[in-house]
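Here is a short briefing on one protein chain. Look at the structure first, then read the points below.

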Amino acid sequence: MSDANEIERLRAQVAELEAQLAASKPSPPRQVEAGRGSAWRAVSSAILITIACLLAPLSVASVWASNVLSDTDQYVETVAPLARDPAVQSAVADEVSSAVLESLDLKGITTDALEALSQQQNLPPRVAAALPALAVPLTNGVENFTRDQINNILASPQFAEVWDQVNRAAHEQVVKLLEGNQGGAVSAQDNTITLNLGPVIQQVKDRLVAQGFTLAARVPTVDRSFVLVQSDAVTKAQGFYRLLNLLGAWLPVIALVLLAAGVALARDRRRALFRGALGVASAMVVLGVGLTIARTLYVGSRPAGILTEEGAGNVFDTLVRFLRTGLRATAVLGLVAALAAFLAGPSTAAVRTRSGLQRGIGSLRGGAEAAGWQTGRIGTWTYAHKRALRISAVIAGGLVVMFWTRPTGWVIVTTALIVALVLGLIEFLGHPPTPAAAGPVDTYHRGSGADS
């Protein structure tokens with residue numbers, strides 16, 4: 001068959017198809033029904049995506065509450081840096097020093113000892129008369145020595161170990177506190193959260209005695225309370241914690257399912273994914289602003305004379321640092337998904353970006369082929385299965401992020417870059433079959449839409 005006859009045959013087929021389409025125009029009622037169905041899908045999609053975006057910050061907070069605050073190991077890991085924080089060490093040292101010195105009554109002991117010495121008959125009168133006047137400087141010297149030793153003990157690595165042990169033992173009480181219960185090493189009374197420093201004082205007592213300050217052995221068992229928070233927000237935080245802990249790890253799954261359902265119902269799924277991803281990232285920004293406000297309120301409610309502004313801020317930052325890590329990672333993930341959806345769109349910038357990448361990869365492949373490097377059957381197979389390979393690369397990246405113990409923003413960005421490199425490698429290796437071998441492979445490729 002000649003080329004002219006083939007062209008005429010194709011023209012006839014096109015004319016026949018146009019006639020069939022003209023004769024099968026939909027009736028007005030069906031158009032209205034289709035329009036109503038499309039409107040309902042659009043409204044449902046918008047509602048589902050909006051709810052998913054609203055649940056996103058609660059999802060991050062629920063994972064933090066259930067995995068960090070409710071797990072002993074995670075909680076101890078969270079509060080461990082406080083043992084090395086100078087502001088917190090100073091505040092704890094002041095409380096411990098006050099408890100130890102009040103128990104010893106150094107002024108009374110020194111005064112009594114000097115008076116007893118002054119009454120010795122073998123002392124010169126001038127010395128006996130001067131001894132009582134040494135009570136104040138001797139007391140101050142012993143107090144300064146005691147405070148210095150306590151500061152050194154709290155700054156030592158051994159105190160970090162004691163701090164971990166104390167918090168591990170107190171974690172159960174912390175959970176009870178957040179659930180609204182009272183008592184134990186940690187308690188909440190009159191909207192005040194206090195930490196019992198008894199174990200810390202006992203450790204300091206043992207260390208002082210071991211260093212030769214045997215007077216410290218007279219320190220009795222002391223239940224000294226260290227005020228962490230004094231605010232009306234304690235009761236509200238208890239209710240919020242119970243809610244988040246109840247939702248646990250299910251809330252992120254629910255939010256993700258709602259987002260996926262909203263994208264699936266949308267008429268333009270790419271645009272829906274773009275808007276939903278930006279919505280999730282924006283929700284993380286709102287959560288970050290909320291944490292900033294909460295930090296300001298916490299610092300403003302710090303106990304007078306206990307924690308400085310710096311110390312209170314460091315305590316808050318330490319307690320919520322994993323929550324901030326989660327919101328940043330989720331925000332970056334949303335931005336990466338939005339960028340991918342944008343680059344897949346029909347905008348001029350997206351088309352130019354894709355075209356530029358394709359030309360760049362094509363130039364690299366052409367240069368490699370000119371140098372004698374051929375992909376052979378691997379290139380033909382990659383070209384035929386390009387769509388499946390792309391989907392597999394994206395799914396693999398998602399699984400890496402999903403099963404990472406505590407992903408950060410850098411983990412998200414690094415994973416996205418690796419996925420992008422893999423996609424570029426697939427494009428580079430994929431080589432269309434030569435005309436001589438364009439039988440089954442070309443048929444498969446046209447049928448599967450692998451180059452779409």
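Phe274 is partly exposed, because its relative accessibility is 26%. Partly exposed lies between buried (under 20% relative accessible area) and exposed (over 50%), with a 1.4 Å probe and protein chains only. The model is predicted: local features need pLDDT of at least 70, side-chain atom pairs count only at pLDDT 80 or more, and totals for chains, interfaces and linings use all residues. Residues are numbered from 1 along each chain as its sequence is written, and side-chain values use heavy atoms, leaving out hydrogens and water.

**Aromatic pairs**
- The structure holds two aromatic pairs.
- Phe274 and Phe342 form a tilted pair, 6.4 Å centre to centre with 40° between the planes.
- Rings of Phe, Tyr and Trp (its six-membered ring) pair if their centres lie within 6.5 Å; planes under 30 degrees apart are stacked, over 60 edge-to-face, and the rest tilted.
- Phe274 lies in helix H12 (residues 269-300) and Phe342 in helix H14 (residues 321-343), so the pair ties together parts 68 residues apart in sequence.
- Helices (H or I, at least four residues) and strands (E, at least two) are DSSP runs, numbered from the N terminus.
- Phe342 is partly exposed, at 33% relative accessible area.
- Tyr298 and Phe316 also form a tilted pair: 5.8 Å between centres, 35° between planes.
- Tyr298 is in helix H12 and Phe316 in helix H13 (residues 309-319), so this pair ties together parts 18 residues apart in sequence.
- Both Tyr298 and Phe316 are buried.

**Whole chain**
- The chain has 19 helices and three strands.
- Of its 452 residues, 36% are buried.
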